[in-house]
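Me: I am new to this structure and would like to learn how to read it. Could we go through it one feature at a time?

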Amino acid sequence: MKETKKFYVTTSIAYVNAPPHIGYAMELLQADVLARYHRLLGEEVFFLTGTDEHGKKIAEAAAKAGMETQTYVDSVSAQFGVLCRKLEIKYDNFIRTTSKEHRAYVQHVWKHMEERGDIYKAMYEGRYCIGCEAFLREAEMDNGVCHIHKKETQAVHEENYFFRFSKYAAQIEQAIREDTIRILPEFRKKEILNYFSDEGIKDFSVSRPKESVGWGIPVPGDESQIIYVWIDALMNYLSGIDLEESKMTNIWPADVHVIGKDIMRFHTMMLPAFLKSLDYKFPRSIAIHGFILAEGQKMSKSLGNVIDPIAVIAEHGVEPVRYYLLREIPSDGDGDFSFARFKERYTADLQNGLGNLISRVSVLGVGNSEAVKDITVSGIKVREQDIYKEYVSAIDAFQLHRALEHVWVLVEQSNKIVEETRLWELAAHDIQKANEVFAKLALTFASIAYMLAPFLPETAEKIAVAIGTDIAALSGDSDIPVRFQKPATSLFPKLL
Ligand SMILES: [Zn+2]
């Protein structure tokens, strides 16, 4: 019997010091596409997302909002839950780091690391950025000002617990070099290997005094110290799957952690080290996306140009938003959210490209039941095509935008076939010839539907239904007779 493959994918957990923005929506979508794609292949998929709810920045945001910290994190975390529903994110668990289970788990792993001799107490002197929730290295500051946050860091002199990173650095570096931990996109690998310089491989602090953090998980056996945000946050990938280790071994290691480029240092250095200390395998890959600008500018509260993904979905519908974020923004680089570009993409690709194709052919097909009576499609036929193989390599390389480009090659080819054969005339005068064209188009529709399913699940299902099948059937191997039973005429109505 064939063993079912498993696929474990995560997003980073969203920091709840502010409501969701469009960049996090993109990250959720990228992970959702990977999860849906692997589900279609019949794999056992676990998709974890959630919210990161501890740290000084959050306590400060709550105070500013005039709320109790827990009430505040409950309300912001709920907004991320709403975003997931609006985006049609099909996750398996939503982890919250303030949950009782997660807090207990973090204390449990802390004790393990400590027993192993990987955690020790020492005096810390350095510069801390609240924005990063991290101690910065010289290379990350200009005269004490954080490169990312453009804010003065704080001079810190205090007693902290340290993690013995130096013990694991060499084997992590080797794992990255040899792709045991595969870094996607490839060009980030070099950047990450540069972290493993002399300064980079020093032990780092994993706790802070209670009075300077306040809101967090206490160090077991030392209430005066709070477990520093990254050990807490990163352990969600373990606490979120199952708390019983016996079950967890089936699902670990994670196959892909989808994260933003701002937190890649923590995921490629700290996370693997914590895992080694706990005798867990390294994650198989880390997929790193870039940032989204708004109309060419960095989004910021002060500029008032932060794009609220929930508002955009309310106005334009979920699938056009999924399409834009997955096609226009390269998965592995930076991109721009522009409403003019959004409308261009919508009109050219969705309305005139895909929508028009499905509409014309399905209308002709329904009017000519004779024309399609001996045609079948199947998932096997779809998956043996070269274009499907190219689509698969794009997904495996975390180039989801390229995978969609392949789908649109099919859309354009099909529209061309309809034009060049003047299918609407053939269907009226030459059923036999029309039948040949319908046969070709039916297989292409099956391919478009199947390949589109992880990206635009509703549209994909409608296309499959238009040729008398559904996505579940297409993911199997059997021959399916084509029946144009209902015209799909308004997949993407004209924008007002
Ligand atoms: Zn910073």
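Me: What distance separates the centres of domain 1 and domain 2, taken over C-alpha atoms?
Reply: This is a predicted model. In it, the centres of domain 1 and domain 2 are 41 Å apart, taken over C-alpha atoms. Domain 1 covers 6-289, and domain 2 covers 342-481.

Me: How many residues does the contact take from domain 1 and from domain 2?
Reply: Domain 1 supplies 10 residues to the contact, and domain 2 supplies nine residues. On the side of domain 1 that touches domain 2, helix α1 (residues 22-40) gives the most, with five residues. Sorted by class, that side of domain 1 has six nonpolar, two polar and two charged residues.

Me: Next, the sheet. In what order do the four strands of the open sheet lie?
Reply: As a general idea, strands of a sheet pair through backbone hydrogen bonds, either parallel or antiparallel. Here the four strands run in the order β6-β5-β9-β11, and their pairing is antiparallel.

Me: Which are the edge strands?
Reply: They are β6 (134-136) and β11 (204-205), each of which pairs on one side only. Strand β9 (residues 154-163) pairs with β11 in the antiparallel sense over two bridges. Phenylalanine 163 stands opposite phenylalanine 204 in β11.

Me: With which residues is alanine 442 in contact, leaving aside its neighbours within four places in sequence?
Reply: Alanine 442 is in contact with Val372, Ile375, Val377, Ile467 and Val482, once those neighbours are set aside.

Me: One last residue. Is alanine 472 buried or exposed?
Reply: Alanine 472 is exposed, because it has 12 other C-beta atoms within 10 Å, and the cut-off for exposed is 12 or fewer. Alanine 472 lies in helix α21 (residues 471-474).

Me: How far apart are alanine 472 and alanine 18, in sequence and in space?
Reply: Alanine 472 and alanine 18 are 454 residues apart in sequence and, C-alpha to C-alpha, 38 Å apart in space.

Key:
Residues are numbered from 1 along each chain as its sequence is written. This is a predicted model: local features need pLDDT of at least 70, side-chain atom pairs count only at pLDDT 80 or more; totals for chains, interfaces and linings use all residues. Domain bounds come from an automatic or database domain assignment. Two residues are in contact if their C-beta atoms, placed from the backbone, lie within 7 Å. Ala, Val, Leu, Ile, Met, Phe, Trp, Tyr, Cys and Pro count as nonpolar, Asp, Glu, Lys and Arg as charged, and the others, Gly among them, as polar. Two strands pair if DSSP finds at least two bridges between them. A residue is buried if 20 or more other C-beta atoms lie within 10 Å of its own, exposed if 12 or fewer, and partly exposed in between; C-beta atoms are placed from the backbone.
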